[in-house]
Amino acid sequence: MSDLGPESLIDGPDDRILPFQVEGLDVRGRVVRLGPSVDAMIARHGYPPIVSKVLGEAVALTALLGSSLKFEGRFQLQTKSDGLIDMIVVDFEAPDRVRGYARFNEEGVAALKDARLPTGGLLGRGHLALTIDPGGDMARYQGVVPLSGESLEDAAHQYFQQSEQIPTRVRLAVAEAWTGGSIPSWRAGGLLVQFLPEAGARVRVKDLDPGDAPEGAAVPAEPEEDDAWTEAQALVETIEDHELIDPMVTSERLLFRLFHERGVRVFDGSGVQEKCRCSREKVETMLRQFPEEDRRDMVADDGSIVVTCEFCSTRYRFDPDDLKPRGGEDQ
């Protein structure tokens, strides 16, 4: 843990999550900067640029949220909608593994003339599910919010308002950038800020309308927003997209620009690596759970069963006879 000053603004690595605190504003948060990890994820699938941008936003958001886990669990972000990008799945496995993929309408995306179509327009209408899986015998927790043409940032705000009731502001940015190589690479960045004052009464939740209260009953007035949180949001709104992805603007430098007048303190950062959870053993176990009749339907022309991981595109090939129970026939 350290207080940031001009002398602290050293170069920081990519693929890193940096927690911070601004005591003068009673806010805490995290900054994520992704380089090789998100670029490898996108390049492996050869996504079109507009799909790459939306997936990059989802990966940055998942890293921001998943890195808050205090246990060796898994955090998953999943969208399902009627848009050109009808599904996105991103897994964050604590403490540092992330993987993701997007499913989209290839013909529709290819025919799209306006490459600047916002994230909400590409996702369309549906829902965003955020799932925390502690593993073992512990119960999973899932929060679901609707998608109705808004951005992932807006959906995240709605999730925190609805499920966590914590005032939260999220900023996301994704773009290709030249970082010294012969071709540009994809970069993603994100900032999450939350209002967490020591005095809980300062986080005032708006009262609901009295509904069927007698006519003439006073409607509770909407409480004024806390000045500290108003200032924090105003500062976050000054962030330009390029500041979240520029390799020359480190997380420490960005935080100093935003909050140096209030005093910002950073904590030990953690790395992020793009790494899939699949393995030949896991795929084989899955295939063995299918009835023999279903496995026969999976056999390709060459007599083998081939399974391709949607996350990392690794292909696993099996001999159907090797998948039978040790006794010979399925029970």
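1. Leu77 has Leu130, in strand β7, as its bridge partner. Leu130 in turn has Gly143 of strand β8 as a bridge partner. These residues belong to two antiparallel pairings: strand β4 (residues 74–81) with β7 (residues 125–133), over eight bridges, and β7 with β8 (residues 141–148), also over eight bridges. Two strands are said to pair if DSSP finds at least two bridges between them. As a general point, side chains in a regular strand alternate between the two faces of the sheet.

2. The model is predicted, so local features need pLDDT of at least 70 and side-chain atom pairs count only at pLDDT 80 or more, while totals for chains, interfaces and linings use all residues. Residues are numbered from 1 along each chain as its sequence is written, and side-chain values use heavy atoms, with hydrogens and water left out.

3. The chain contains ten helices and 15 strands. Both are DSSP runs numbered from the N terminus, helices being H or I of at least four residues and strands E of at least two. Of the 331 residues, 43% count as buried; here buried means under 20% relative accessible area, exposed means over 50%, and partly exposed lies in between (1.4 Å probe, protein chains only). Among contacts in the chain with a separation of 6 or more, 63% join residues 24 or more positions apart, a contact meaning heavy atoms within 4.5 Å.

4. How many salt bridges does a search of the whole structure find? The search finds 19, a salt bridge being a side-chain nitrogen of Lys or Arg within 4 Å of a carboxyl oxygen of Asp or Glu. One of them joins the side chains of Arg16 and Glu252 at 2.7 Å, N to O. This pair links distant parts of the chain, with Arg16 in strand β2 and Glu252 in helix α8 (residues 251–259), 236 residues apart. Arg16 counts as buried at 16% relative accessibility, and Glu252 is buried at 8%.

5. Further salt bridges deserve attention. Arg99 forms one with Asp91, their closest N and O atoms being 3.0 Å apart. Arg99 is buried, at 9% relative accessibility, and Asp91 is buried as well, at 2%. Elsewhere, Glu153, Arg169, Arg171, Glu237 and Asp241 are linked in a network of salt bridges.

6. Glu292 counts as partly exposed at 22% relative accessibility, whereas Arg296 is exposed at 53%.

7. Cys278 is partly exposed, at 23% relative accessibility, while Cys312 is buried, at 11%.

8. Several loops carry backbone features worth checking. A cis peptide bond, with omega about 10°, joins Ala94 and Pro95; Pro95 is in the loop between β5 (85–93) and β6 (97–104). Asp15 is not a glycine, yet its phi is positive, about 50°. Asp15 lies between β1 (2–3) and β2 (16–22) and is buried, at 13% relative accessibility. Asp26 also has a positive phi, near 55°, and sits in the loop between β2 and β3 (27–34); Asp26 is partly exposed, at 21%.

9. The chain exposes about 17,700 Å², of which carbon and sulfur atoms supply 48%; accessible areas come from the Shrake-Rupley method with a 1.4 Å probe, and for residues only the protein chains shown count as cover. Pro291 lies in the loop between α9 (280–288) and α10 (292–298) and is partly exposed, at 45% relative accessibility.
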